[in-house]
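Subject: Structure for you to look at

Hello,

Here is the structure I said I would pass on. Please open it and keep it in view while you read the notes below it.

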Amino acid sequence: MSRQIVIGAGLLIALVVFPLLSPWSTVILTVALCEGLAALGILVLLRAGQVSFGHGLYFAFSAYVVAFMATARFGHEVLLLVPIATAASGLLAALIGLFIVRYRAIFFGMLNLAISMVFFSLLEKLFSITGGADGKRVPRPTLAGMTLERESFEFWMFYITLALCVVAALFVARYLLSPGGKALEAIKSNETRLEYLGVSSRKVLFGAYLLSGLLAGLGGAIIALVSGHVTPELAYWVRSGEFVFIAILGGAGGVAGPFLGALMFQIIRGYAAVYAPETWHAVLGVMLLIIIFFAPTGLYGLIAGKKRAAKPPAAVERAGAGQ
Amino acid sequence: MTDLILEARELELRFGGVQAANGASLQVRANERIAIIGPNGAGKTTFINLCTGYIKPQSGRVIFAGQDVTALSPRAITRLGIGRSFQIPQLFIENTVIENLLLALSAREGTWSPFLKLTKHPKVDEMWVLLEIVGLKDTGHRIVRELPEGMRKLIDIAVALALEPRLIFMDEPTSGVSSHEKFQVMDTLTRALDARATTAIFVEHDMDVVARYASRVAVWSGGRIALEGSPDEILNHPEVRETVIGAGV
């Protein structure tokens, strides 16, 4: 069984069981999963060597679509709101992706940041439409036609989110092993050869960008429903930075990484807020430094690395044997 | 010439004060094996870059199979049927040899399904044949970064061949390959080119390889093809012997 499956299965079992033993954790865990989805989108782009510092845009856009639709009582149903908001986010990613995939490295990262900050400003300034800095309340919608109490709603939303995360992670894992996923890696290692294969690196990156926008949008749609409130902060650069932080913390080596990172991020944030309320950002910073210096492959790499040290994979053995 | 596949017409390129191409012209017929020889640093690779869209000439035209490809991108030129391998191999070094070749086959076949695992590609058998052509069947599972330069050069050629080009440019295909393997590799490579009816233009410094595998030799000098002829004529030409080959040949 591959390390990815073992780590993913272990994480999944823990996530299925924990809320049953500690029902208070459902909202925190759902938030972590939503951030994990956005960080999974960042992971996809990292495979091409690109970092987006603006994926809060898609997270917030989707959340506001949910807020507007739920307020207008248009499609006041989870099973409608989530796919429609995610698709809207994907559409936005497609539009922005058309020109952003022309850029690489720092320009790619900064353009994403710039666009997300424009959106943040619009959300803040267009008070009469968006509610400004106060944001918008999201009335609790029905779930499969049922009107649920808050606790039940949160409980079921957690398991629906978990199921969606599993599907998303499996899809991304499959995609990364597919020709398109390997072409995405090729953008990082040798774009010249990719062009000399007759492959458009822009098209490859566009597909990945669209996927990452959809993933961030899915996370944003769910967080709007679970928190019951959206604010411009969802599009703020700090939020986008958190997604990158989570992706690095969790590790980009496997699709379980962003979810591991998101859970750890929530734990650090939770405890730091209690025990070091004035300096919890410093705690996060120190944590990031520790990861960068001592575990550059993130939590996923840390776990997977231990297994690798115990038993070298076949490819390493073959290489060691010489040719 | 009805079977003309490539025509470079009066290509001009100046970098700063250097005249890299100075009216370079070459006509290539289908199924020819043209060796381009010339002193190191004379601009032979620049000529390949001009013909494959990596650099655009300041004037002149490149016609491939009757179509003007001068202004086209490398991607468009590749899709029309021109492949190339590089002097410094251009590969996906963090991937395995298999993945490099299968990605080329995916590009050729247009197989981009997100549900298809690259290593389960329907053309996986063809990938092993390509590795056999360059004599590297045993290296398939190795990461390219771990391989010596000579092996990488051969993989670079196999990647270009995977696209089934009608015309292939190879920049010093046997440099870095051990002398006893050189002819073996060139023999299988030539057979593969013949079987696929692929025209080949290769830059080469090894005159034994030129003499044995080229059907025509072009001498690059002063930013253009200064001399053309059969291997016999060119390799025995006094000026070529003096300026290109040297007294030792």
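The notes below take the two chains in turn, then the place where they meet. Please keep in mind that this is a predicted model.

Chain A

Chain A contains 15 helices and two strands. Its C-alpha atoms fill a box of roughly 70 × 45 × 40 Å along the principal axes. The radius of gyration of chain A is 20 Å, which agrees with the value near 20 Å for a compact globule of 323 residues. Of those 323 residues, 49% count as buried. If you take the contacts in chain A between residues at least 6 apart in sequence, 79% of them join residues at least 24 apart.

Is Gly135(A) buried or exposed? With 22 other C-beta atoms within 10 Å, Gly135(A) is buried, because the cut-off for a buried residue is 20 or more. Leaving aside residues up to four places away in sequence, Gly135(A) touches His229(A), Val230(A), Thr231(A) and Pro232(A).

Chain B

Chain B has nine helices and ten strands. Its radius of gyration is 18 Å, close to the 18 Å that the globule rule gives for 249 residues, so chain B is as compact as a globular protein of that length. The box filled by the C-alpha atoms of chain B is roughly 55 × 40 × 40 Å along the principal axes. Buried residues make up 48% of the 249 in chain B. Among its contacts between residues at least 6 apart in sequence, 66% join residues at least 24 apart.

Two helices of chain B are worth a look as a pair. Two packed helices are described by the angle between their axes and the distance between the axes. The axes of α3(B) and α4(B), the latter being residues 124–133, come within 10 Å and cross at roughly 120°. That angle makes α3(B) oblique to α4(B). The crossing of α3(B) past α4(B) is right-handed. On the α3(B) side, the contact is made by Ile98(B), Leu101(B), Leu102(B) and Leu105(B). On the α4(B) side, Val124(B), Glu126(B), Met127(B), Leu130(B) and Leu131(B) make the contact. By class, this contact has eight nonpolar residues, no polar ones and one charged residue.

Where the chains meet

How many residues of each chain are in contact with the other? In chain A there are 24, and they are in contact with 30 residues of chain B. On the chain A side, α7 (150–177), α8 (179–189), α9 (191–195) and α15 (314–321) each supply at least two residues. The most come from α8(A), which gives seven. By class, the side of chain A that touches chain B has ten nonpolar, eight polar and six charged residues.

The helix α8(A) is mostly covered, with nine of its eleven residues buried. Among the buried ones are Pro179(A), Lys182(A), Leu184(A), Glu185(A) and Ile187(A). What covers the buried residues of α8(A) comes from both chains: it includes α7, α9 and α10 (201–227) of chain A, and α3 (97–109) of chain B.

Regards

Technical notes
Residues numbered from 1 in each chain as written. Chains lettered and ligands numbered in written order. Predicted model: local features only at pLDDT ≥ 70, side-chain atom pairs only at ≥ 80, totals over all residues. Contact = placed C-beta atoms within 7 Å. Helix = DSSP H or I, 4+ residues; strand = E, 2+ residues; numbered from the N terminus. Nonpolar A, V, L, I, M, F, W, Y, C, P; charged D, E, K, R; others polar. Buried ≥ 20, exposed ≤ 12 C-beta atoms within 10 Å, placed from the backbone. Rg over C-alpha atoms; globule rule 2.2 N^0.38 Å. Axes fitted to C-alpha atoms, helices over the stretch in contact; angles between N-to-C directions. Parallel < 35°, antiparallel > 145°, perpendicular 65-115°, else oblique. Left-handed = near helix turned anticlockwise from the far one by under 90°.
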